[in-house]
Amino acid sequence: MTEGIRTLERTPTWAVASVCLILVTVSIFIEHVIHLIGKWLNNKRKKTLFEALEKIKSELMLLGFISLLLTVGQSTITDICISKSLGDTWLPCSKKDIKEMDAHHRANKEEILARRVLSAATSGDKCTSQGKIPFLSRDALHELHIFIFSLAIYHVVCSIITLAFGRAKMKEWKAWEMETQTTEYQYTHDPERFRLARDTTFGQRHLSMWSRSPIFIWVVGFIRQFGMSVPKVDYMTLRHGFIMAHLAPNSQANFNFQRYIERSLEEDFKLVVGISPPIWFLAVLFLLFSTNSWRSYLWLPFIPLIIVLLVGTKLQVIITKMGLRIQERGAVVKGTPLVEPTDNLFWFNRPDLLLYLIHFVLFQNAFQLAFFAWSGYEFGPKSCFHKNKADLCIKISMGVFVLILCSYVTLPLYALVTQMGSTMKPTVFNDQVVKALHKWHQRAKKQVKLNRMSDTTTPGSSRPSTPSHWTMTRTTSINDSSQRVFEFHDTLNYEHEIQATGSLPGTRSVDIQVDGGPAVVHQHKIDVDSADFSFDKYIEVRS
């Protein structure tokens, strides 16, 4: 029976060498392309996207390990035998569809004969001799291998497409951001002007009769997703609230809120593009319930659609509730309506929970598209997976619709609204400021260590016991919510001063006397609330 099987012993060396050469060439080409992409991201100073690329490389390495385990454990898995009655449970296709497929295969006797010869030669027909069937045949293992690889690739591709479309949608915010630096904007947004809250543009959009109804507020939020999900008035109002809560009031014309949102979104992309253990576990559950008895094609494609619509509606409701809190503080507002960032409006007081839901939506959507492409490639259009035309239409239409909705509506809305939490994200600093802070932090730790050593060796020193090269102050804004204000010089001044001097702005040198003689200590002044920002934690995350 094995005479027709050509092993490496009976294969020409030129054929083996040709295949190896092609595989190695393709692998080196892919590796070189990834390296060029990483080099381009480094040149563009896209550190977070470069880290996302590294995560993609780790996912490819994980796929390599899965492939290796499937290859090494193939013989062990196929030697496990189960009863035929157990093997006929939880089938993805009905028995009627299986009989029709068997009749189709019998029409092509050469194909079915070749499969049987290969199966008998490789497994020795161990289970058949016992009146049982293999736990998983070699053909099934190969098909599973292809599906896992397809799933990972589709997830990465869908995540990249979503980020690209989302950023394309957010490009119009750049013009809004530039408008805040014009004289006309300063004139129309006079901070000394008094108005009724409901008469402002933001109030006219959100402060109506429906906004106080617990039902209609969700209905209107749901409908607004399909229009202009992020209008200019919402962006400007939330920008003003963020700056007043976390930055100095004089940062209105200098702080680039749109660029900060982009950096935050790129940071979140590192989580979205990865496939964590819980996500792999969900993939296993999806495979488990993809059976004919559960009719998964009727409800599984709608799960990501329901979640993405629910997340988008929740984000719209959060904006409206922030507007209602303005009116609760008083009917008259001074200047631009001031929204107060808080975690209380998010589910379980966790703004990051929305990111995990978007991650799940993208993965589930990629699962549906990968399953469709894989089943069509492996089994053809006449397979039971493609027998129901309504199932095909639902999977394709839902997959494309969810991808567009998540890219153009939910992702930009998420990127804006989640900045309105109680604390700002570390991405408020650009890469140059991060490097300067890192050097500053390392220099401080080194100086403190030297000071402690000096205390132990020269107890009679006149040097002050508290290190004087750092000055940390806390400023509290005077408003109803007692929000903390981070005294933050504008980003442009930071970039210019750091590029020119290589150090943080606000640096001065002070001469002091120590036992060894005169010394110069560099003092840096920056006002930051330790409750909002931890240098140890921040540098650990960014490193």
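Helices H2 (residues 47–72) and H14 (residues 257–273) pack against each other at an angle of about 5 degrees, their axes 8 Å apart. Here an axis is a line fitted to C-alpha atoms, for helices over the stretch in contact, and angles run from 0 to 180 degrees between N-to-C directions. That makes H2 roughly parallel to H14, a label for angles under 35 degrees. On the H2 side, Thr-48, Leu-49, Glu-51, Ala-52, Lys-55 and Ile-56 do the meeting, and they face Glu-266, Glu-267, Phe-269, Lys-270, Leu-271 and Val-273 in H14; contact means heavy atoms within 4.5 Å. Sorted by class, this contact holds six nonpolar, one polar and five charged residues. Nonpolar covers Ala, Val, Leu, Ile, Met, Phe, Trp, Tyr, Cys and Pro, charged covers Asp, Glu, Lys and Arg, and the others, Gly among them, are polar.

The model is a predicted one, in which local features need pLDDT of at least 70 and side-chain atom pairs count only at pLDDT 80 or more, while totals for chains, interfaces and linings use all residues. Residues are numbered from 1 along each chain as its sequence is written, and side-chain values use heavy atoms, with hydrogens and water left out.

Stepping back to the whole chain, the secondary structure comes to 21 helices and nine strands, read as DSSP runs (H or I, at least four residues, for helices; E, at least two, for strands) and numbered from the N terminus. Of the chain's 543 residues, 41% count as buried, meaning under 20% relative accessible area with a 1.4 Å probe, protein chains only; exposed means over 50%, and partly exposed lies in between.

The largest nonpolar core has 84 residues, and Phe-242 and Ile-261 touch the most other members. Such a core is a set of buried Ala, Val, Leu, Ile, Met, Phe, Trp, Tyr and Cys residues joined through side-chain atoms within 4.5 Å. Leaving aside neighbours within four places in sequence, Phe-242 contacts residues including Leu-247, Phe-255, Phe-257 and Met-424. Arg-239 sits in helix H13 (residues 232–246) and, at 1% relative accessibility, counts as buried. Not counting residues up to four places away in sequence, Arg-239 touches Glu-177, Thr-180, Gln-252, Phe-255 and Phe-257.

Then there are the loops. Most residues other than glycine have a negative phi. Trp-90, though not a glycine, has a positive phi of about 55 degrees; Trp-90 lies between helices H4 (84–87) and H5 (95–107) and is partly exposed at 47%. Phe-348 also has a positive phi of about 55 degrees, and is exposed, with a relative accessible area of 70%.

Definitions and conventions. Parallel < 35°, antiparallel > 145°, perpendicular 65-115°, else oblique.
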